[in-house]
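Visitor: I have a structure to look at and would like to learn how to read its features. Could we go through a few of them in turn?

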Amino acid sequence: KKSHKVFLEIGFGHGENLINLAKKNKNNLILGCEIYKPAIAKIIEKIEEKNLKNILIFTEDIFLLFKKIKKNSIEEIFLLFPDPWPKKRHSKRRLINNDFMKRLISIIKRNGKIHIVTDSQSYLRQILSSVFKFRNYFLWVNQIIDSWKFDLNKFPQTKFYKKAIKSNRKPFYIKLKKL
């Protein structure tokens, strides 16, 4: 059956949001990209258990998937709690940077949305720097600080959300819309 829209979650972790998206969007394709093998095995079990037919899993690096995705084909992209690589010497491993943002511009549809959540202050600064650099391509929808709260009506409480709350770290939600 042909899907109307394509949603992409990059680094789906334990898959709470991926499953939620699939249930809410039964006629749409949900693409999940993850390289962590135990998470992939768990999500496959959950997909089979819930008999979800609208999820495709990509188990390699997202940059390989970017080469395969049609330009302007993705409706929404989700990056919930990407690894912050908190040590300074590892920060270059962070996924969201200027090169990554360029790739997102090419695959997301006009008016498509990008949802980013992080609980890392230093990563948030880096993300905001990239958002600013690409301000001619994206509208930052929720610029008012009060709207940066993790939206529990939109997203399920993921393992990493719960971990952030337990560790007294505030998750920041950034919503972008492609111009």
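Guide: This is a predicted model. Let us begin with F12, which sits in the loop between β1 (6-10) and α1 (16-24).

Visitor: Is F12 buried or exposed?

Guide: The general idea is to look at the relative accessible area, where under 20% counts as buried. F12 has a relative accessible area of 3%, so this residue is buried.

Visitor: Which residues does F12 touch, not counting residues up to four places away in sequence?

Guide: Its contacts are L18, G32, C33, E34, A39, I40, I43 and I57.

Visitor: What separates the C-alpha atoms of F12 and T158?

Guide: Sequence and space are read separately here. F12 and T158 are 146 residues apart along the chain, while 9.6 Å separates their C-alpha atoms.

Visitor: What about S147: where does S147 lie?

Guide: S147 belongs to the loop between β6 and α6. Its relative accessible area is 30%, so S147 is partly exposed. Leaving aside neighbours within four places in sequence, S147 is in contact with N142 and Y173. Between S147 and K102 there are 25 Å from C-alpha to C-alpha, at 45 residues apart in sequence.

Visitor: Which residues form a nonpolar patch on the surface?

Guide: The patch is formed by L139, V141 and L179, and together these have about 250 Å² of accessible area. To be counted in a patch, a residue needs over 30% relative accessible area. V141 has 40% and is partly exposed. V141 is located in the loop between β6 and α6 (159-166).

Visitor: Now a helix. How many residues has α5, and what length does α5 reach?

Guide: A helix can be checked by comparing its span with the expected one. Helix α5, residues 121-133, has 13 residues. From first C-alpha to last, α5 reaches 18 Å, close to the 18 Å expected at 1.5 Å a residue.

Visitor: Which residues of α5 are buried?

Guide: The buried ones are Y123, L124, I127, S130 and V131. They cover an arc of only 125° around the axis, so they lie on the same side of α5.

Visitor: And which residues are exposed on the other side of α5?

Guide: On that other side, R125, F132 and K133 are exposed.

Visitor: What covers the buried residues of α5?

Guide: The cover includes the helix α4 (98-107) and the strands β5 (108-118), β6 (138-140) and β7 (172-178).

Definitions and conventions
Residues are numbered from 1 along each chain as its sequence is written. This is a predicted model: local features need pLDDT of at least 70, side-chain atom pairs count only at pLDDT 80 or more; totals for chains, interfaces and linings use all residues. Side-chain values use heavy atoms; hydrogens and water are left out. Helices (H or I, at least four residues) and strands (E, at least two) are DSSP runs, numbered from the N terminus. The expected span of a helix is 1.5 Å times one less than its number of residues. Buried means under 20% relative accessible area, exposed over 50%, partly exposed in between (1.4 Å probe, protein chains only). The arc is that of the directions from the helix axis to the C-beta atoms. Contact means heavy atoms within 4.5 Å. Patches are made of residues with over 30% relative accessible area and no salt bridge: like charges are joined within 9 Å, nonpolar side chains (Val, Leu, Ile, Met, Phe, Trp, Tyr) within 5 Å. Accessible areas come from the Shrake-Rupley method with a 1.4 Å probe; for residues, only the protein chains shown count as cover. A salt bridge is a side-chain nitrogen of Lys or Arg within 4 Å of a carboxyl oxygen of Asp or Glu.
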